[in-house]
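Open the model in your viewer and keep the selection tool at hand. This tour goes from one selection to the next and says what is there.

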Amino acid sequence: MLADAISAERFRLLKDRGTLFWGVLFAPIAGLIMGVGGELFARGMMKGMPPIPVDLVGRMVKALVGGASPVVGLFVLILSTAVLAGDYRWETWRLLTPRNGRTSLLLAKLATVAGAVAVSLVLYALAAAAGGLFSAATSGAPLVGYRGAAVTDLVGTFAVSWLQLMVLVAFSALVGVVTRSTMGALIVGLVFAVIQSIVASQMHEPSLKALAIPAFSGDLLKTVLLTPRSVVDEPAPWALALGFLVAWLAGLSAAALALFQRQDLTRE
């Protein structure tokens, strides 16, 4: 039942070209264009200076570190609200619920968005690498090796940013169920992303209050991952930060499922 629902949701998403472009492809494309544009501008300002060596893996890691920013979150929200709350807008829930269980339907939507977010993050990192190749090819800059554990840093930053974005997706799912509106879920989700980012930037100590903010926990995990152990004075509570992120994702998803189970969908 769940597998059938996931296949159906994936098929619907692949047919929705607008959502695919804005929710999955736009952030990587925009990142590539801005990276190339910034490279050309910097080169014009630094005429006569030797080219800066290009670290492709470093660029990918940097892109993944910023992959959960509110700007990227906006396009993830476009994707998630279209998939998770679009049936309220088009009044198609009443056609879907007789064919499958409500839990399977909502879990399928969450799984579909989770896969699409992962694809978008991978493309975002590859776009950063493509920008580095453009820089090396057009300026003659040498390629240099990454000075860390490449696989660990790439997988780790990807996983943390994906988890942060999925918290935002689960939040939009809850708001979408409550408001029955794609626009409501988009606006409230964006406000949530911006506010938590601002509040997290004002906190410096990993207290329980700070760790309860998804943006702070995610940034802490990335810092622990990328900071050499010899530089760290005290071990950071990375396990607690990870636990808070997982708890946010599980709690918001469970709340959305619980409310959706009891919702009257006779008009949708």
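A residue is called buried when its relative accessible area is under 20%, exposed when that area is over 50%, and partly exposed in between. Keep in mind that this is a predicted model.

**Confidence**

Colour the chain by pLDDT. The average for the chain is 91, and 97% of the residues score at least 70. Among the elements of the chain, the highest mean, 97, belongs to helix 7, and the lowest, 84, to helix 5.

**Helix 11**

Select residues 238–261, which make up helix 11. Which residues of this helix are buried? They are Ala-241, Leu-245, Leu-249, Leu-252, Ser-253, Ala-256, Leu-257 and Phe-260. Now show what these buried residues pack against: helix 4 (70–89), helix 5 (93–96), helix 6 (102–139), helix 7 (150–179), helix 9 (208–211) and helix 10 (214–226).

Next, check the length of helix 11. At 1.5 Å a residue, its 24 residues should span 34 Å, and the C-alpha atoms at its ends are 35 Å apart, which agrees.

Stay in helix 11 and select Ala-250. Ala-250 counts as partly exposed because its relative accessibility is 45%.

**Ser-161 in helix 7**

Go to helix 7 and select Ser-161. Is Ser-161 buried or exposed? Its relative accessible area is 0%, so Ser-161 is buried. Show the residues in contact with Ser-161, leaving aside neighbours within four places in sequence: Leu-64, Val-65, Gly-67, Ala-68, Leu-121 and Lys-222.

**Salt bridges**

The count for this model is 6 salt bridges. The tour stops at some of them.

Start with Arg-12 and Glu-9, which form a salt bridge with their closest N and O atoms 3.2 Å apart. Both residues are in helix 1 (residues 2–15), and because they are 3 residues apart, about one helical turn separates them. An α-helix has 3.6 residues a turn, so residues three or four places apart point the same way. Arg-12 is partly exposed, at 36% relative accessibility, while Glu-9 is buried, with a relative accessible area of 7%.

Lys-109 is buried, as is Glu-9.

Now select Arg-59 and Glu-39, whose side chains meet in a salt bridge of 3.9 Å, N to O. Arg-59 is in helix 3 (residues 56–65) and Glu-39 in helix 2, so this bridge ties together parts that are 20 residues apart in sequence. With a relative accessible area of 30%, Arg-59 is partly exposed. Glu-39, at 19%, is buried.

**A nonpolar patch**

Switch to a surface view and select Phe-21, Trp-22, Leu-25, Ile-29 and Ile-33. Together they make a nonpolar surface patch of about 450 Å². Pick out Ile-33, which is found in helix 2 (residues 17–45). Ile-33 has a relative accessible area of 57%, so this residue is exposed.

The last stop is about the backbone. Most residues other than glycine have a negative phi. Where is Glu-91 found? Look in the loop between helix 4 and helix 5. Glu-91 has a positive phi of about 55°, although it is not a glycine. Its relative accessibility is 40%, so Glu-91 counts as partly exposed.

Then select Arg-180, in the loop between helix 7 and helix 8 (182–201). The phi of Arg-180 is near 55°, again a positive value in a residue other than glycine. Arg-180 counts as partly exposed because its relative accessibility is 31%.

Conventions
Residues are numbered from 1 along each chain as its sequence is written. This is a predicted model: local features need pLDDT of at least 70, side-chain atom pairs count only at pLDDT 80 or more; totals for chains, interfaces and linings use all residues. Side-chain values use heavy atoms; hydrogens and water are left out. Helices (H or I, at least four residues) and strands (E, at least two) are DSSP runs, numbered from the N terminus. The expected span of a helix is 1.5 Å times one less than its number of residues. Buried means under 20% relative accessible area, exposed over 50%, partly exposed in between (1.4 Å probe, protein chains only). Contact means heavy atoms within 4.5 Å. pLDDT is the predictor's confidence in each residue, from 0 to 100. Patches are made of residues with over 30% relative accessible area and no salt bridge: like charges are joined within 9 Å, nonpolar side chains (Val, Leu, Ile, Met, Phe, Trp, Tyr) within 5 Å. Accessible areas come from the Shrake-Rupley method with a 1.4 Å probe; for residues, only the protein chains shown count as cover. A salt bridge is a side-chain nitrogen of Lys or Arg within 4 Å of a carboxyl oxygen of Asp or Glu.
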